[in-house]
Amino acid sequence: MGNTTRRLPRKGPSLLVRALRLVILLALLAMIAALAGAAGLWVGISSNLPSLEAQGDYETAQTSKVFDSADPPNLLAELHGIENREVVTEDQIPQVVRDAVVAIEDARFYEHRGVDPIGIARALWADFRQRSFVQGGSTITQQFIKNAFISDEKTIDRKVKEAALAYQLERKWSKDKILTEYLNIIYFGEGAYGIQAAARTYFGIPASDLSLAQTALLVGVPKSPSNYSPRRNPEAARGRRDLILNVMFQQDLITSDELQSALTEDPVLAPQTDRLEGPVPYWVEMVREQLVARYGSTTVLQGGLRVYTSIDLRLQEIAERVIADTLDEPGDPSAALVSIDLRTGAIVAMVGGADFGVQQFNLATQGHRQPGSAFKTFVLAAALEQGISPGDTYDSGPITIELPGDDWNVKSQDSGRISLAEATAISSNGVFARLIMDVGPEQVIETARRLGVEAPLEPNPAIALGGLRTGVSPLEMAVAYGSIATGGERLSGSVVFDPDHPVTPISIMRVETAEGVAVDENQLVHTPVLDPLAAYQTTQALKDVIARGTGRKADISRPAAGKTGTTQSYRDAWFVGYTPDVVTSVWVGYPDEQKPMTDVHGISVTGGSFPAQIWAAYMNEALEGIEPRDFLEPAGSEWVTVSIDPESGLLATEWCPETISERFLKGTAPTEACPLHSPQEMPVPDVTGLTLAAARAALEEARFVAEAVEINDASFPDGLVISQDPAAGMSLLQGSTVRITYVVGGTSPGVVPTVVGLDVKVAKQSLKAAGYKVSTTDAVADAPAGIVLEQTPQGGTTLENGGSVDLVVSSGPPTDTTSTTRESVAVPDVIGQKLARALKALETAGLLADVAEHIATGDPQKDDTVATQSPAPGALLPRGGTVSLGVYALP
């Protein structure tokens, strides 16, 4: 047999190899599909791209119009494309301006082809690390395209169009031309479009004369014209200027000497000019900046937009008038006001200043001032959310808290140990200094952030009393307090008009094209930011601020809550408050300086003075036609009502002069009794001549114990108190006993008491107590002066209530007659007195005493006390006559 070769069967590819082949095949197919799709998309988009060569696409302008919220709407302003723009050529823009813009906005501008993948990747990585949108990936070319050609509809289609046009533009225009056109179109704030208008607006010079420091200041503005305005936010603007200068130095665009020189240069700005007309220029300026931030300046100025805003001109007029009427004297401070309708989440009134032509700085949105005690609300909310109760107590006196580097010395009125609710009402610094140490400054900042405070906050305990580095704006405070008023929900719009402030109340409700096609429809968004129970408890505490605390001038006779704020040396004063329907913040101060308001209309301005008055006057009119209603309790919560001393905020005792009923969440009411009030030495009230019931009530109101002793005497009406011991006006410790003697067996109603022989004062008291009028006639008689000699009608006669009784009163014996008649004296009242004291009183009156009987008693306090006397008090006896006494005695 010949040799045979046997071949082993060939094995097929392994499972792993086949899987890899499949993945590669699918990837290739996906790539082919993607390329095909991209090609199709490119063709589709390219067919709709605006022509870069057609000047009409770039220059044709339609006026945009801004309206209010009325139906039909009122025109507030027209935004024109020719407004404050001066186009300059390439050679009129200095190189330093070009370098600064490229350095800070697009460092790879001269390297990319319109779209920068490396820049996009860098921005995405920065956003990922910060977990927020901190960097943008758009190139200068893309930003020019956005401003010049494409509306900002925030879609993938728009982004692709923007990239496609940027790539197309880079093929047609040089880098220098793109940069020149970009610098001619971007918005620099205050109505200035383009670098030339900006240079003239802020410095009064052409762009060609800008210094390095001036250049860096201006180039920093377009990122956020509101936040980096050299006039409105000089500190923020200077900080961004310094950042740009350092970036230019790092990129070798300026030398170290140039850097240091520019950093030390103080900006000197040109005088402002009034650019806006119309009823609400501050409002229109704010709206314009929001529109430019979202749609770009070209769309806003040339796109023919129809912008419908939330402002209510009726409420705006009320706000402006109330402020003008309140601060109406030369040299008075300014005021800012922001009012938000909590039913719609929309700003309905905003006062940014008194005269836009004089001061274009918007105090309502851009003024950042120290809030004083108005910031305590956020400390309270954070504490309640952590489970601290409004009834928990803290010392209220001064305190020194040791902190790293320096001690924190807090001045505070010492009201003893008081509840957190009471501390809020009276704005106790001592309590809130101690509270923030329990809660933690970081937690307070986190709470304030959630509620709506956007200003920089540092975890310093001094924020409890409003000690902030930057301060807050009236708009921020209105938003934050509104988040409490709604039960813990922050209100904002669904459309983001300003990327630097993505969660803001609604100011622009709707944007349409000139043809009426909707561009944006802003819807109300509710975002839970605070526990509903904590929000409700905070509101309850702030209601007491108005009811009985530092904000009493903000009382508007309907459920309302709020907080006052006054800064050191009276430089800023706030009142921020709300009802279930409207929240309004008011600030009063001098906008251009930290000037103490120690003599405004003769007073030092606190949050409880002019700000509270402005708030109340505005709210009273703004809420006309809105039915008053109280704040809704959170579902499922249980509440208890307890009696509270309003001074300490603790459980009232019998010695507290005033008490109020307060509702607390079950388990959070105060458990400590008020330590501020105890029995005091008080004058005994005069109860003689009153009925027994009225006398008891008067003594109990003064916190005395009444002990009643009967006496039979037909000279007085039945039930009349005819004597008391101690006497009226004497000092006595509250809780002690006052013995009162009242008549039993006296005259019945409608029967005239017998008053002959009584002192005229006692007689008048008796008759008036019986309901009769009294007239007197003097007569010479042997009886002592002042003794009643006769009465008409006589005692025991029936006479209707209101009738008149005439008395004849002795004026004393004749001066020329020598009388041998023994002198008569009125019997003193000794009932209820200890026997020794009674004997002394009778002896002083010239009378003798006879203890006629002893009356058994089981009360040791009554032992040896006069129970009865005869004759009755006020009767006449000859000097040396005898008075019979009945005296209590223990068996």
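Beyond the four places in sequence on either side of it, Trp283 is in contact with Leu76, Thr309, Ser310, Ile311, Ile347, Met350 and Ser507. The model is a predicted one. Trp283 is also among the residues with the most contacts inside the largest nonpolar core, together with Leu291, Phe378, Leu435, Tyr481 and Tyr578. That core has 96 residues. Apart from it lies another core, made up of 48 residues and including Ile93, Ala166, Ile185 and Val219. In soluble globular proteins, nonpolar side chains tend to be buried together.

Ile347 belongs to strand E5, where Ile340 stands opposite Ile347. Strand E4, residues 334-341, runs antiparallel to E5, and five bridges join the two.

E5 and E4 are part of an open sheet of five strands, ordered E5-E4-E16-E15-E14 with antiparallel pairing. Its edges are E5, residues 346-351, and E14, residues 561-566, each of which pairs on one side only. On average, neighbouring strands in this sheet are turned by 10° against each other, direction ignored.

Two helices pack on the sheet. Helix H19, residues 474-485, touches E4, E5, E14, E15 (572-578) and E16 (582-589). The direction of H19 makes about 145° with that of E16. Helix H21, residues 610-622, packs on the sheet as well, touching E4, E5, E15 and E16. For H21, too, the angle with the direction of E16 is about 145°.

Technical notes: Residues are numbered from 1 along each chain as its sequence is written. This is a predicted model: local features need pLDDT of at least 70, side-chain atom pairs count only at pLDDT 80 or more; totals for chains, interfaces and linings use all residues. Side-chain values use heavy atoms; hydrogens and water are left out. Two strands pair if DSSP finds at least two bridges between them. Helices (H or I, at least four residues) and strands (E, at least two) are DSSP runs, numbered from the N terminus. Axes are lines fitted to C-alpha atoms, for helices over the stretch in contact, and angles run from 0 to 180 degrees between N-to-C directions. Contact means heavy atoms within 4.5 Å. A nonpolar core is a set of buried Ala, Val, Leu, Ile, Met, Phe, Trp, Tyr and Cys residues joined through side-chain atoms within 4.5 Å. Buried means under 20% relative accessible area, exposed over 50%, partly exposed in between (1.4 Å probe, protein chains only).
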